[in-house]
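Colleague: Can we go through this model together? I would like to start with the overall fold and then look at some details.

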Amino acid sequence: MHRPLLSGVRLFRAALLRFAPPAAATLALLLLLPDLGHAADNLLLSEKGTSRAEIVVDPAIMADDLKISAQAPFEERQAEQQRQRLRESVRDLSLYLEKISGGKFPIVAEPSGKAVVPILIGTRGAAVFGVAPFGDRAGQGWRVVVDSQRGVGLIGQTPLGTSYAVYELLHRLGCRWYMPSDLGEHIPPQPTIRLAKLDEAGVPSTLYRGIWYGDEDFKRRIRQGGLLIHAGHALEGYVSKEQREAHPEWRASIEGKPHAALLTWTRPEVRTAISESIIARLEKRYDTSVSLSPYDGAKWDESYDTRHDAGDFDPGLQTVSKTDRLLVLCNEIAERVTRKYPDMLFGMLAYVDYTRPPVREKVHPAIVPQIAPITYNRAHPMTFADHPDGSTLKELVEGWAGKCEMMSHYWYGYNLAEITAPNPFITKWGTDIPLLMQNNCRFWQPETLPNFETTLIGLNLGMRLAWDSSQKPEDIVSEIMRNFYGAAAEPMSAYWHHIDRAWIEGREYSGSGFGYLRIFTPEKLQRARQLMDAATAACRTATEKARVRMADESLTRFELLMQLRRDLAEGRLAELHSGAERWRTMSEELREKYKPQYAFNSHGGHFALSYFNAFFGKAFDEGSRLAAENELLTSENPLREWSYLKDPEQVGVEQKWFRPEHDSSSWKTTDTGTETWSTLGHHHDMGVMWYRRMVAVPEVQQGRNLLLWIPSTDGAVRVYVNGRHVSWQDTKTGESVEEFTGYCQPASFDITRYVRPGEPSQITLRCDRKFLNELGTGGLLAPPMLYLSGR
């Protein structure tokens with residue numbers, strides 16, 4: 001995809017000057033070119049495994065690393081980084097041409113003059129063929145020339161663009177890198193390499209593309225890079241502690257108290273202070289972009305800044321959007337700083353309650369909003385009408401596109417808070433990314449994990465479409481299946497599309513694994529296993545077996561998680577702890593085994609294990625302990641079915657919804673083993689929901705107690721039995737409190753003296769979702785159960 005040349009930045013002007021060929025060197029190079037004598041329409045680089053070409057590059061590019069001080073000028077640091085990148089690209093060109101053909105392709109400073117094809121790199125190519133005719137402000141313009149009389153030219157607007165030209169040639173020869181390590185590369189053997197006549201130039205569809213995890217070789221080969229937009233949480237850091245102490249009125253007022261870190265965004269003095277701080281930092285250490293994103297969170301000034309809100313309501317967070325007030329600050333900062341640094345760009349997150357586009361304020365041309373839809377759909381495309389957000393995300397993207405020239409998109413490359421389910425994002429990213437590209441997406445900066453075992457297809461879709469948005473997503477997916485899985489392509493394609501359809505068709509929108517029992521039913525998992533076994537049987541080579549085995553081990557671990565989730569929902573508690581320990585051990589072993597592939601959460605924080613322990617582990621471990629030490633009364637029939645009613649005005653206590661005689665015949669019914677608040681149509685809701693049901697109660701032997709066990713809740717839970725309130729007692733401290741509060745933590749309530757032994761009892765639960773999260777859950781997250789203490 002070609003884009004017109006945009007104004008450059010200081011980095012790339014310096015890079016061009018540093019590596020521009022002198023006129024005398026150009027003439028000398030032309031005199032050294034051999035008479036190739038090839039056919040007019042093609043060039044032969046190798047023939048039957050014998051190389052007939054050499055790689056010609058300026059020796060300065062191939063020099064060892066220079067020691068550049070971290071305090072060196074920006075242009076010098078970046079020019080050296082680009083030079084090193086091009087050097088490694090040239091080495092890759094020699095390496096992969098040899099892997100393709102079997103022949104050696106030497107790297108030389110000048111053409112040897114022999115009857116071999118010169119592959120002219122960078123300035124060597126520009127001296128013969130001319131420069132790259134297209135470019136952008138990131139210096140990414142590339143050009144590939146195949147001329148039967150003068151050889152091959154791999155030329156760039158800068159060394160970065162030249163690196164892209166190298167991989168453009170290898171891409172055209174069929175080379176692909178789908179995952180870090182040798183296991184992820186696809187290099188088709190071609191003992192004879194014949195290139196057709198060609199002169200093609202272009203720039204990527206985006207100014208920057210990047211995923212978080214992968215080694216530097218992998219990132220370079222998939223042409224990650226460009227002009228990075230900084231948009232991390234940084235805004236408040238530009239104001240010093242001394243300034244805050246000197247100007248207490250600058251501090252944001254949160255719940256009536258001045259906040260230690262947060263600021264009033266719209267005070268003129270704050271805007272001035274931040275602008276001056278940024279200019280001072282740039283004078284010391286220049287960069288191509290500056291972040292204006294506030295600290296993480298969703299609580300802002302409740303006094304001074306509110307006058308600058310535009311009144312736009314954010315349904316996802318049930319509050320007034322803060323975008324306009326933030327732009328009052330950011331626009332002035334951008335205006336002040338660009339007076340001195342006209343090429344500067346400013347990343348500004350569109351996030352939490354400032355995700356929606358502005359209503360009143362315009363967006364300064366130097367500001368690049370980075371949409372981070374953390375509260376929106378992760379697995380479903382933004383065109384999916386049945387999602388709780390409907391087309392809100394699409395409208396949001398289109399709204400921002402109408403306000404600014406360039407946007408960054410910070411999509412999430414995993415399922416929030418449970419990352420071990422297979423998740424190819426075929427439909428999600430195959431739909432969303434083309435729409436983003438149509439709406440001014442110039443920076444593709446998703447938040448990703450080292451999860452190539454679950455999301456290899458989506459990660460590749462994102463990078464490939466961000467490089468060339470004219471490609472068809474389905475063609476990319478088909479190519480991945482064909483090249484990566486070989487003889488197992490058909491069953492693996494069926495497997496991944498089956499998993500993708502499960503995510504979409506399950507119509508469950510909550511985060512973590514709370515909706516998995518609706519998404520991945522036993523029938524769906526059985527079919528996934530059948531397809532995986534068929535793929536294993538279809539493999540012919542060791543590489544195919546290793547690639548399918550990685551997906552198989554991912555599915556095996558997920559099957560264990562699903563068995564644990566199902567056992568809890570169906571009241572089988574005895575083996576939960578041992579199963580959880582197997583899952584934990586398996587996760588550690590796979591994390592270590594697949595480090596080279598950046599799979600199974602093998603780098604960075606162990607989020608797979610952290611999420612497991614935080615959201616499920618406590619219920620699993622506690623459930624097995626209860627089963628071992630007590631007599632479960634609901635192991636065959638846990639208390640899954642409850643009548644429920646939302647209480648937005650919180651009138652339930654006053655109207656005594658907990659009384660047995662209260663008429664709840666109009667209340668709806670939910671299965672607390674499989675359904676979440678999101679399932680019930682309360683995805684974004686906070687506040688109170690009531691649950692009621694009748695429970696059969698056995699005779700209770702003297703000396704034993706009857707307890708109600710609640711495995712997991714989102715928020716606080718208050719228990720009533722036969723109309724009487726039951727306090728929760730902390731067994732560690734002995735303290736008795738009105739309700740239990742503990743996110744995804746189990747709790748037992750002693751209801752012995754509130755029931756009528758041998759008769760049905762009425763149980764009412766008042767659940768209060770008090771704490772914002774992005775999961776769409778609330779209330780009961782697993783079915784309550786009864787047990788008798790002791791045995």
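Colleague: What share of the contacts in the protein with a separation of 6 or more comes from residues 24 or more positions apart?

Modeller: This is a predicted model. In it, 77% of those contacts join residues 24 or more positions apart.

Colleague: How many helices and strands does the protein have?

Modeller: There are 19 helices and 37 strands. The radius of gyration is 31 Å, close to the 28 Å given by the globule rule for 791 residues, so the protein is as compact as a globular protein of that length.

Colleague: What box do the C-alpha atoms fill?

Modeller: Along the principal axes, the box is roughly 105 × 70 × 45 Å.

Colleague: And what percentage of the residues count as buried?

Modeller: Of the 791 residues, 62% do.

Colleague: Let's take one residue. Where is D312?

Modeller: D312 sits in the loop between β16 (289–291) and β17 (313–314).

Colleague: Is D312 buried or exposed?

Modeller: D312 is buried, because its relative accessible area is 17% and the cut-off for buried is under 20%.

Colleague: Which residues is D312 in contact with, leaving aside neighbours within four places in sequence?

Modeller: D312 is in contact with T319, V320 and S321, and also with R356, P357 and V359.

Colleague: Changing topic, how are helices α12 and α17 packed?

Modeller: Helix α12 covers residues 452–467 and helix α17 covers residues 542–569. They pack at an angle of about 120°, and their axes are 9 Å apart.

Colleague: Why is α12 called oblique to α17?

Modeller: Because the angle is about 120°, and angles of 65 to 115 degrees count as roughly perpendicular while those over 145 count as roughly antiparallel. That leaves α12 oblique to α17.

Colleague: Which residues make the contact?

Modeller: On α12 they are F452, E453 and T454, and on α17 they are M550, S554 and R557. The residues of this contact divide into two nonpolar, two polar and two charged.

Colleague: Last topic, cysteines. How many disulfides are found in the whole structure?

Modeller: The search finds zero disulfides. For C404, the nearest cysteine sulfur is that of C441, 11 Å away. C404 is in no disulfide, because a disulfide needs a pair of cysteine sulfur atoms within 2.5 Å.

Colleague: Is C404 buried or exposed? And what about C539?

Modeller: C404 counts as buried, at 8% relative accessibility. C539 also counts as buried, at 10% relative accessibility.

Notes:
Residues are numbered from 1 along each chain as its sequence is written. This is a predicted model: local features need pLDDT of at least 70, side-chain atom pairs count only at pLDDT 80 or more; totals for chains, interfaces and linings use all residues. Side-chain values use heavy atoms; hydrogens and water are left out. Buried means under 20% relative accessible area, exposed over 50%, partly exposed in between (1.4 Å probe, protein chains only). Axes are lines fitted to C-alpha atoms, for helices over the stretch in contact, and angles run from 0 to 180 degrees between N-to-C directions. Helices (H or I, at least four residues) and strands (E, at least two) are DSSP runs, numbered from the N terminus. Angles under 35 degrees count as roughly parallel, over 145 as roughly antiparallel, 65 to 115 as roughly perpendicular and the rest as oblique. Contact means heavy atoms within 4.5 Å. Ala, Val, Leu, Ile, Met, Phe, Trp, Tyr, Cys and Pro count as nonpolar, Asp, Glu, Lys and Arg as charged, and the others, Gly among them, as polar. The radius of gyration is taken over C-alpha atoms; the globule rule is 2.2 Å times the number of residues to the power 0.38.
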